[in-house]
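Please read these comments alongside the sequence and the structure. They are set out as numbered points.

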Amino acid sequence: MDKDGDPLRNQKRTLNYPAAPEVTDYVFQYWQTMAGSLSTGPLLVKAVYAPLGGNITLSETADNSTWIGEHNGQVYNVTLTRTLQSGGWNTFAVPFGINPIPTGWTVKELTDASIDGSTLTLTFGDALSIVAGKPYLVKVTAAVENPTFYGVTISNSTTPTTIGGVVSFVPVINPTAMTADDKTKLFVIGGNKLTHPSANGNINGFRAYFQLLDANAHSFVLDLGDETTGLEMMSDGRGKMSDVWYNLQGRKLQSKPTAKGVYIVNGKKTIIK
């Protein structure tokens, strides 16, 4: 009611829930409305919990598909036997969601892909959370060994990120065999570089790879937005590697610039005088 006793309409209201009580072996999920409403009050709610299945360790070198399938939808504390290296980008995919993103992590998701001649540019944007079974690039401020994630819900679904008929970013939850020198697949190695599978090209779990869908792609660029020093290029030897230019804000240029300044070309800083 306003000061004259008339009803207030179309007014925004904010409800601050209290902290949910901790319950042994259960994980808080959400508040459920039982009766009443914000407009009439009082509002009766209850805390909804899910049983915590316990602690589980999932190894990057083991086939975890059976366990994941049997525990789909259940809540666990999960430890991964995997190390995220600092100083560059790691591909990352896990069978559960992570929200919020851990402190010290920068997470990118594939948002676009385009081909200019024979050069494939993979464009990434910031991710606000990690969705179960979806592939990402992750950079950490310090190496993360065997991370543990508490109260996460197991999911046996995977969702590749596919951009038209250009490329598919494929999540790998379990170790997967690769054919040596397969020109249709790309790994991220050494933090920022792309390469095809080697003779020992098997990929461990909780990672991702790029499946090329356009046969014209012979050279490759990672466009990570403001991560100008993270731009790397490689060629598979089937075509001439054309120069790709960026300004220091990470924006791709259509051609070699004519104005004086500092630019990034093929992952290296170049000065035009």
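1. The mean pLDDT of the chain (the predictor's confidence in each residue, from 0 to 100) is 82, and 79% of its residues reach 70 or more. This is a predicted model, in which local features need pLDDT of at least 70 and side-chain atom pairs count only at pLDDT 80 or more, while totals for chains, interfaces and linings use all residues. Residues are numbered from 1 along each chain as its sequence is written, and side-chain values use heavy atoms, with hydrogens and water left out.

2. Strands are DSSP runs (E, at least two residues), numbered from the N terminus. The pLDDT is below 50 over residues 228-241, a stretch with 50 contacts in the model beyond near neighbours in sequence; contact means heavy atoms within 4.5 Å. Where pLDDT is low, the predicted coordinates should not be read in detail.

3. Ring pairs join Phe92, Phe96, Trp105 and Phe149 into a cluster. Rings of Phe, Tyr and Trp (its six-membered ring) pair if their centres lie within 6.5 Å; planes under 30 degrees apart count as stacked, over 60 as edge-to-face and the rest as tilted. The structure holds seven aromatic pairs. Phe92 and Trp105 are edge-to-face, because their ring planes stand at 90°, with centres 5.6 Å apart.

4. Thr121 is in strand 7 (residues 119-126). With a relative accessible area of 2%, Thr121 is buried (under 20%; exposed is over 50%, partly exposed in between; 1.4 Å probe, protein chains only).

Conventions:
Helices (H or I, at least four residues) and strands (E, at least two) are DSSP runs, numbered from the N terminus.
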